[in-house]
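This report describes a protein model for a reader who is new to structural analysis. Please examine the sequence and the structure shown here before reading on.

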Amino acid sequence: MSKLIVLNLGKGNLHQGFPTVIAQLWQTDIPTPMQFIGGLPAAPQLEHLYQRWQKLYTALYASLGWRSHNISEFEIEEEDVTHISQAEFENLCQELQKCLNTWLNSLAFLNIDRKLRTQLLPTDEIRCVITAECHQVLNLPWCLWHFFNDYPLAEIALSPPEYARAIKTNPRKTNGKVRILAILGDSHHIDIEKDQNLLQQLPNAQLKFLVEPNRSQLTEQLWESGWDILFFAGHSSSQGKGKMVLNAGETLTIDQLKYGLQKAIAQGLQLAIFNSCDGLGIAEDLADLHLPQVIVMREPVPDRVAQEFLKHFLTAFSSQGQTLYTAVREARERLQSLENDFPCATWLPVICQNPAEISPTWQDLCGQQLGLKFSRPNLRQLPIVFIGSSIVALSIVLIRLIGGLQALELAAFDQLMRSRPKEAPDPRLLVVTVTDQDIQAQGQEPRQGSLSDKYLNLLLTKLEQYQPAVIGLDIYRDFPVSANQPELAKRMQKSDRLIAICKRADPEYDPTGVSPPPEIPEARLGFSDFIEDNDSVMRRHLMAMTPNPISSTCTPAYAFSTRLVFLYLQSRGITAKFTPDWDLQLANKTFGRLHKRSGGYQSIDAQGSQFLLNYRFSPSVQAIAPQVTMSQVLNGQINPNALKGRIILIGVTSNSSSDYWSTPYSKSPLKVVPGIFIQAQMVSQMISAALDNRPLLWVWTQWGEICWIWYWSLTGGLLAWYVRKITYLSMVLAIAIVTLFGLCLIILIQGGWIPLVPPIIALLVSSTQITYISRRIAGDR
């Protein structure tokens, strides 16, 4: 939060003290300030130390390149500076700092200090303006006050005791750039070219350079319309009267430019930067003209220090978007790296502020020219924001309830699924594939499907030798075993670990279905039916369904995958249970059923026990488990230990098979997956949930989702109400959308499918609506 402290020392001086000191604390959006009263005692020793410091400072740097026209302008008494050493100067600096803080810790001032601290936080951005009738007290290095150590976003500024707003006339229209009039004065013994190069790197700036101009040229430019910043680099001085050196033969005071400066201020001049020596006198004269802000050097400044300050200030103010005060503080404190060679460099830069004016940011200077700068957010508009956001949220909820967003939500769900981190394959499964080569390898052996009775018998015999936990045959066999394969018929009748499939009749798509193998008892049968969404993508797992023996010869109550899981877990002492709501429970994991309205689904046939399929992607849907071909099994090309205790799934992956399905990972219709891998995904999901506590996919209640959508609608409205500039609002909305996507992804990784598309629409529509209303209100005014 931005706060302003105006510390008025009133009448007095360092010899007599300041009997009445008034501190006013202004807070953003509060029209009236808090006010505290105290005083400051006489401090003649502080005055003496500061005068001594000025003399030693000037003498210590006498051999350097000053940004002053003539070093002789600074009076130095030789007896005061004979045999000066840097150590002696540093001791004097410490003594001056200690004396200043002792003075500010005096009992009379303590009331102000304590009450200010009770109202301020270390995170507050604070502009502290010191005003007094005594010029000498303003010259003190107030940046050394210990108060600023506790508030890292606070910075000092100076002001005369009387101030007023300048009268602004002739608002201009420009191309959205900050217009800077840069005066490069006499460069004798200093390098002004670096200042010019730094200015030329500014973003969104329109520069006009006047290199060693004469008075007529400068005055003519000041009368030009629309300068935002006035910059001066060169030699200057405040000895006697503030003046700047334009060229080798011409020196001007502010009074000599008075009318041109008044015109520039009236047309919007916000800031003057004098990157030159001893500028307090110049700032005082500019304050009489009511210029909003001036940045000067309080003492003579070495050339390198001036260049480094300008570089850091311009970077923080223009590129990093910091406020004027925080940019000055950062640039000033970064001068500390130079203080081995230039002691007290951090004392030099100072802001001279007109407290009646608002300190602009670089973005403000750009915004006012684009015509996009509005007044601060109006608290009276908040009811409009709440009502408008609620209407938007309600409209989106209604559209969603009738299924208007279901396709978009399912597409967003697929994208989130694809964005999840990859998982390791499930080591408890092994997929035996029947490929085109395996089918061809059977030669002329009689067969009605992909596997002849002979080869199926060989395959099952080989697999059972390795003692798997369960074998799942995902191949339709609606015909009896041939008479010449009695061993296969007996194996299918008696095996306690073999599960086979059938397909239920569907009145619309498959009126007959597929009958089960005659040799397999119903206890070892499972239906193979899958549920596709309208876009033909497999997102749901049908686990169980009430049989209908009248319409179909396939009558198992449980799916093929469910039968495999039950048999596998039973061998580990886990039996299936059902809750009072008829939800399946395996170990401590409950499989909550989908309903007609669940997550992004708004109108689905929720018959049977369905739940969302939480694919294990590693690094593809097919890589759910290790795979071998039928030929590899029959030829003994596998490790027997790799099969013991596993779930074996046998399925066809031949190109001629019609058993192919789309998944959320199928980015194109061609990237479909054989059904055996879908079955493997379903089996893995159930056993991983029961044994590994891997999350099942869950959704919020309807009311939870409605609140979530309303929250983001309100967020969009509040952002549009607070961030008035279209460019910044667009950036903030983009960040909000990325944040929303990230939240949905993180929650999906934990198993939760929460709305993504409806909140994005609510965010954008609500922000657009509030922006439009705000502009209409501003236009009506």
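At 2% relative accessibility, Glu-155 counts as buried; the term buried applies under 20% relative accessible area, exposed applies over 50%, and partly exposed covers the range in between (1.4 Å probe, protein chains only). This is a predicted model, in which local features need pLDDT of at least 70 and side-chain atom pairs count only at pLDDT 80 or more, while totals for chains, interfaces and linings use all residues. Residues are numbered from 1 along each chain as its sequence is written, and side-chain values use heavy atoms, with hydrogens and water left out.

**Salt bridges**

Glu-155 meets the side chain of Arg-332 in a salt bridge, at 2.9 Å from N to O. This pair links distant parts of the chain, since Glu-155 belongs to strand 5 (residues 154-159) and Arg-332 to helix 12 (residues 324-334), 177 residues apart. Helices (H or I, at least four residues) and strands (E, at least two) are DSSP runs, numbered from the N terminus. Arg-332 is also buried, with a relative accessible area of 6%.

Side chains of opposite charge can pair when their charged atoms come close. A salt bridge is counted when a side-chain nitrogen of Lys or Arg is within 4 Å of a carboxyl oxygen of Asp or Glu. The structure holds 24 salt bridges; three of them are listed below.

| Pair | N to O distance | Burial |
|---|---|---|
| Asp-124 and Lys-3 | 3.2 Å | both buried |
| Glu-155 and Arg-332 | 2.9 Å | both buried |
| Arg-540 and Asp-533 | 2.8 Å | both buried |

The salt bridge between Asp-124 and Lys-3 has its closest N and O atoms 3.2 Å apart. Asp-124 lies in the loop between helix 4 (107-119) and strand 4 (125-131), and Lys-3 lies in strand 1 (residues 2-8), so the pair ties together parts that are 121 residues apart in sequence.

In the pair of Arg-540 and Asp-533, the closest N and O atoms are 2.8 Å apart. Salt bridges that share partners join Asp-414, Asp-533, Asp-535, Arg-539 and Arg-540 into one network.

**Other buried residues**

Glu-47, in helix 1 (residues 44-60), is buried yet has no salt bridge; the nearest side chain of opposite charge, Lys-55, is 11 Å away. Leaving out residues up to four places away in sequence, Glu-47 touches Leu-14, His-15 and Gln-136, where contact means heavy atoms within 4.5 Å.

Gln-685, in helix 21 (residues 675-692), is buried, with a relative accessible area of 2%. Beyond its neighbours within four places in sequence, the residues in contact with Gln-685 include His-541, Phe-611 and Arg-694.

Helix 19 (residues 560-570) is mostly covered, as 9 of its 11 residues are buried. Among them are Phe-560, Arg-563 and Tyr-568.

**The protein as a whole**

The protein contains 24 helices and 29 strands. The radius of gyration of the protein is 41 Å, well over the 28 Å that the globule rule gives for 781 residues, so the protein is more spread out than a compact globule. This radius is taken over C-alpha atoms, and the globule rule is 2.2 Å times the number of residues to the power 0.38. Along the principal axes, the C-alpha atoms fill a box of roughly 125 × 60 × 55 Å.

Buried residues make up 54% of the 781 residues. Among contacts between residues at least 6 apart in sequence, 77% join residues at least 24 apart.

Key
Lys and Arg count as positive and Asp and Glu as negative; His and the chain ends are not counted.
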